[in-house]
Amino acid sequence: MKIGLLYGADVQFHVPVIEGKGASQGVYAAKGRSAHVFVNSKYGDVKLSYQFGPEALMRLDATRIATVDGAADSDWFRKVNLEGSAASFPFYVTPRLFTESFSSESEKFSFRMAGKYNKGVMTTLPFRVAYYSPNYMGARFGISYSPRYDSGLFTVKETVSEDKGGKIEHKETIKHVGPDYEHIVSAGASYEYDFDKHNIKVKTSAVGEYGFPKQPSKDKHLYKEFMEYNDLMGVNFGVSADYKINEDQGVKFASSFAYLGKSGQPKGIKKLIGDTCTEIDSKDATVGKRVEGLKAQFGKDSIDTMYWTVGAGYQHENIYTSLTYFGSRMNDKNMLHDGALGVQYDLSPACNSLDAIKRAKDLRLNVTCEVTPHYFTLTEDIVKQHGAIAKINPPLRTEEDRLAMVEGLKTGVIDCITTDHAPHDRSSKDLPLENAAFGIVGLETMLPLSLELYHSGQMGLLDVLAKLTYKPADIIHIPRDRIQKNLAADLILVDLDHEWEIKTDNFASKSKNSPFDGRKVKGHVVRTVVSGKTIYSQKKISDAEYDELKKKLAEIEAQLPEAYATQDSVGGPPDERFSKVEYQEPMLSLENAYDEQGVE
């Protein structure tokens, strides 16, 4: 049984540091730390790391189709909130469930931690083990488990001044603040369907999370007061639709609704008495008022937190416009309404870029240009078929842009063809399009895809090969990639007319992220020689197959005498020191006889 197992580890750093009063009141903010241990197989992917869970990666809402960020993600909102009354901002400010919101530096508690306690690290991701299923007919699911948050996020030190008989003493106390959750389980399911006949793609998703507030340890007391929090819970339902009117126009719609219950809300204050945390009476002379205020704001009569989003976007050629709305309601009945209108204009279509490169070359500027096969063989339509597998940067564009790439190769504006080889594990691609990694594998498909230019009659064979060999070598000043005396013998033997089908399962690369899977091509490498040594050779072929290839080689040499030495010139005459031997019986040869007719 073939499982197709891939395992390993990787480390990524995504730690933007925000400094200064204009940012987060002088707070260093670590948005995320990412060290993954993963196992990927055809049965699904498992990850152990500091990471967002399915509640974040599989969530859908209207902000996914917006050209600008709204609510807590917008620069304007951050400036007003963080430089204003950050400690008591009375709104739920982001279209995310609590865990993602907190880890993204946008939950209200994060602001309060930054402003009031000046924490050195404002947010971080919890450690999780997560499983994501393979995509089956457009459906997939994911589930994760996190033992707990980093408790240090919720423990702060405060200096309290006391008057001891006219002498002021400063004592440092440790307090517990914030919803220190543990045993967090999150899950998500999504479904995507493409109505090809109507050019409509629909996505739906449902995600949720549940966790328990951490209880104080009876063996280790860091503080004498303990804030008791409600359970963590939340669900988000989202839907989006993408309608392509024609090659130049498209419309997008999206909406979502989320219910968070009383996630992140305190429900009482407990005090350490002996080894037991006891609920504080509201008549307590010291903290009674705090208890009463807590009940008034978060008591049984308080309402649950929820939010909703809706939005639409319209694409016309290079212009994309979006309008989104985000609304939320907190436990104290405060509501937030946030609208975001954005207009995006793409100033750099491929044809304009090539014009700029041509002008630079006309001015004899030292400018070179490359292109990869996917840009002169594919268009943006392939994304509808392969989704995130075809997500690359820059993105695939229109048929007009594809033809511009071909024209650039023919005229010499584009100097060479490269691979842009970007292998990814399946879990990095088996995600919603907006979350998936950029790039495809290109090393094993570069030659046959480039030869399509030759087989289609758009370019000559030598011109195509030049873009793959000595043109890039000249750019980076490598004295190779020529068949020339005293140069390294770097050669490949290619069967130009061999037809075959690209199958990613047969790739030597462990990564299979290629939108060319199933594409029929012509041109196959038979042997590769580097510095005179064969490093790759196709399986052995019969004499008949060899003779057929030799005939093709003779035909090519006849057509291109300036590029090839004749095949018969290889080697030298027989050594005269060998004596001649006369055979008693004549040696007969059936030269190039492949059937009975040839023998006769």
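Helices (H or I, at least four residues) and strands (E, at least two) are DSSP runs, numbered from the N terminus. This is a predicted model: local features need pLDDT of at least 70, side-chain atom pairs count only at pLDDT 80 or more, and totals for chains, interfaces and linings use all residues. Residues are numbered from 1 along each chain as its sequence is written, and side-chain values use heavy atoms, without hydrogens and water.

**Backbone**

Most residues other than glycine have a negative phi, and most peptide bonds are trans. The bond between asparagine 393 and proline 394 is cis, with omega about 5°. Proline 394 belongs to the loop between helix H9 (382–386) and helix H10 (399–411).

Methionine 137 has a positive phi, near 55°. Its loop runs between strand S4 (127–132) and strand S5 (139–148). Methionine 137 is exposed (over 50% relative accessible area; buried is under 20%, partly exposed in between; 1.4 Å probe, protein chains only), at 65%. Aspartate 420 also has a positive phi, about 50°. Aspartate 420 is partly exposed, at 37%.

**Rings**

Rings of Phe, Tyr and Trp (its six-membered ring) pair if their centres lie within 6.5 Å; planes under 30 degrees apart are stacked, over 60 edge-to-face, the rest tilted. The count is 6 aromatic pairs. Two of these pairs are tabulated here.

| Pair | Centre to centre | Between planes | Class |
|---|---|---|---|
| Tyrosine 191, tyrosine 193 | 6.5 Å | 15° | stacked |
| Tyrosine 193, phenylalanine 195 | 4.6 Å | 70° | edge-to-face |

Ring pairs join Tyr191, Tyr193 and Phe195 into a cluster. Phenylalanine 195 is partly exposed, at 37% relative accessibility.
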